[in-house]
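Please work through the following exercises with the sequence and the model at hand. Each task is followed by a solution in steps.

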Amino acid sequence: MPGQLTAPAEDFGSGEAILYRQAQRESAARTYARSLPVVPVRARGMTVEGADGRRYLDCLSGAGTLALGHNHPAVLEAIRRVLDSGAPLHVLDLATPVKDEFTTALFETLPPALADHGRIQFCGPAGTDAVEAAIKLARIATGRAGLLAFSGAYHGMTAAALAATGDTEARAVVESDSRVTRLPYPYDYRCPFGTGGERGAELSARLTASLLDDPKGGVQHPAAMLVEPVQGEGGVIPAPNDWLRRMREITAARGIPLIADEVQTGVGRTGTFWAVERSGIVPDVMVLSKAIGGSLPLAVIVYREELDAWHPGAHAGTFRGNQLAMAAGTATLRFVARHALHERAEAVGSRMLCRLRGLAAHHSCIGDVRGHGLMIGVELVDADAAPDDYGALPAAPRLAARVQQEALRRGLIIELGGRHASVVRLLPPLTITDEQAEAVLDRLADAIEAAGRPESGSRSDSRGATATGVDPVRSGGVRTAGAP
């Protein structure tokens, strides 16, 4: 038949055949499928089983979506309860008991100063749509157009969200938005001021205030400032707490709404329920998605009631009433809160950071280790190159890609990000056990060691697994932290 594809594998349903057909039929925009040629067929907690029968520890977690890991019992039960009840699954923005319960559960976790006088807007299913809504709301409420955003930021792939994103390559295909003013984000290892530390953050804040107050600085009074408390795609770069407090002071004093993008940092990921809690600031708008849907698509903004300048239908979306996602989100929010998994993330993450910093002392290719909670970044650098004038070594994207592949051979799924995709990002579920955390670090250490050897990937790892062997940890054999 014309157009029929013939897979190279004999078995039509084999992993190889499925990957072949994906490459033939899906768009060139696909990303994870290129570097992670895994065909998941079963998953539980942190363990994913591929079509080939191999098992992997998942440190990608749906790019931070799976706070409780894959198919957590509390989430599955919540979804089944809605399905068995006969409740409508599609309701646009009508009120339902499921939505009311989700909203209540969400507001119970928010900073009280925002929850007590807040409004919620249900957006389309993705975080980028919620970013669009936040920017649009700020512009309507203030009557101003400008936006303050930061270098290294990632806010999504739709128009305004992409305009606020710092990736120049990603933004090259769209018309630039002259209403966005880019500010330097504190980045200790590659400080834009060449100082790093508290001094670098202080200079960033000073420049921000100066630009806003200088009548000849070229920056008109903006509608909002959009900031990530921890930059995720930018390379897991936490904002210093004092700097975030200064941004809150600067914006509040000048009547500029502060929008906190917590799409990836929310629901316990960074060791507090919301990342802004580390600094104690209360933003005017919070952008929430990923984990709030309990693995299903859901995105909202929560904002101060004074900003509620919408007209009916001013920001809509056909799937803004996703009942299954709200039920799964309610279960996730309450499970994380009840079992204090944000505190668990802080404790486990601190131990992982400590061990990774010890690893860095023995591997000159590790330029920096950073993060909060279970949002961890390991920046890989070219140890044979000359450092820049301020001591930072060049990024090593090819090494990072080899580390990712060596990790996959050892049964570990990791993501890359940051400048030149040279930062190994660890985003395990908050339910990770101590044993799994140690396994992740063991495999990552082996992968870094192997990637640094000539012709890496052709020999066995230190535990005897072949180059295509995987994790001996079974999904049912390890207790899940915080399990009921």
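This is a predicted model: local features need pLDDT of at least 70, side-chain atom pairs count only at pLDDT 80 or more; totals for chains, interfaces and linings use all residues.

Residues are numbered from 1 along each chain as its sequence is written, and side-chain values use heavy atoms, with hydrogens and water left out.

**Exercise 1. Confidence**

Task: Determine over which residues pLDDT stays under 50.

Solution. 
Step 1. pLDDT is the predictor's confidence in each residue, from 0 to 100. The protein chain has an average of 89, and 89% of the residues score at least 70.
Step 2. Values stay under 50 over residues 1–5 and again over residues 456–484.
Step 3. Contact means heavy atoms within 4.5 Å. Beyond four places in sequence, the model has two contacts for residues 1–5 and 63 for residues 456–484.

**Exercise 2. Strand β12**

Task: Identify the strands that pair with β12, and state the sense of pairing.

Solution. 
Step 1. Helices (H or I, at least four residues) and strands (E, at least two) are DSSP runs, numbered from the N terminus. The protein chain contains 15 helices and 17 strands.
Step 2. Two strands pair if DSSP finds at least two bridges between them. Strand β4 (residues 118–122) is joined to β12 in the antiparallel sense over five bridges, and Arg119 has Tyr303 in β12 as its bridge partner.
Step 3. Strand β11 (residues 285–288) also pairs with β12 in the antiparallel sense, over four bridges; here Val287 stands opposite Ile301.
Step 4. Buried means under 20% relative accessible area, exposed over 50%, and partly exposed in between (1.4 Å probe, protein chains only). Four of the five residues of β12 (residues 300–304) are buried.

**Exercise 3. Strand β7**

Task: Describe the cover on the two faces of β7 and the pairing of this strand.

Solution. 
Step 1. In β7 (residues 224–227), Ala224 and Leu226 lie on one side and Met225 and Val227 on the other; all are buried.
Step 2. Strand β5 (residues 147–150) pairs with β7 in the parallel sense over two bridges, with Leu148 opposite Met225.
Step 3. Strand β10 (residues 258–261) runs parallel to β7 and is joined to it by three bridges. Met225 stands opposite Leu258 in β10.

**Exercise 4. Helix α1**

Task: Explain why the buried residues of α1 are on the same side of the helix.

Solution. 
Step 1. Gly15, Ala17 and Arg21 are buried in helix α1 (residues 15–25).
Step 2. These residues are on the same side of α1 because they cover an arc of only 165 degrees around the axis, the arc being that of the directions from the helix axis to the C-beta atoms.

**Exercise 5. Nonpolar cores**

Task: Find the residues with the most contacts inside the largest nonpolar core.

Solution. 
Step 1. A nonpolar core is a set of buried Ala, Val, Leu, Ile, Met, Phe, Trp, Tyr and Cys residues joined through side-chain atoms within 4.5 Å.
Step 2. The largest has 99 residues, and Trp243, Trp274, Val403 and Leu426 have the most contacts inside it.
Step 3. Apart from this core lies another of 27 residues, among them Ala134, Ala163, Leu226 and Tyr303.
Step 4. Not counting residues up to four places away in sequence, Leu426 touches residues including Cys59, Met352, Ile414 and Val440.
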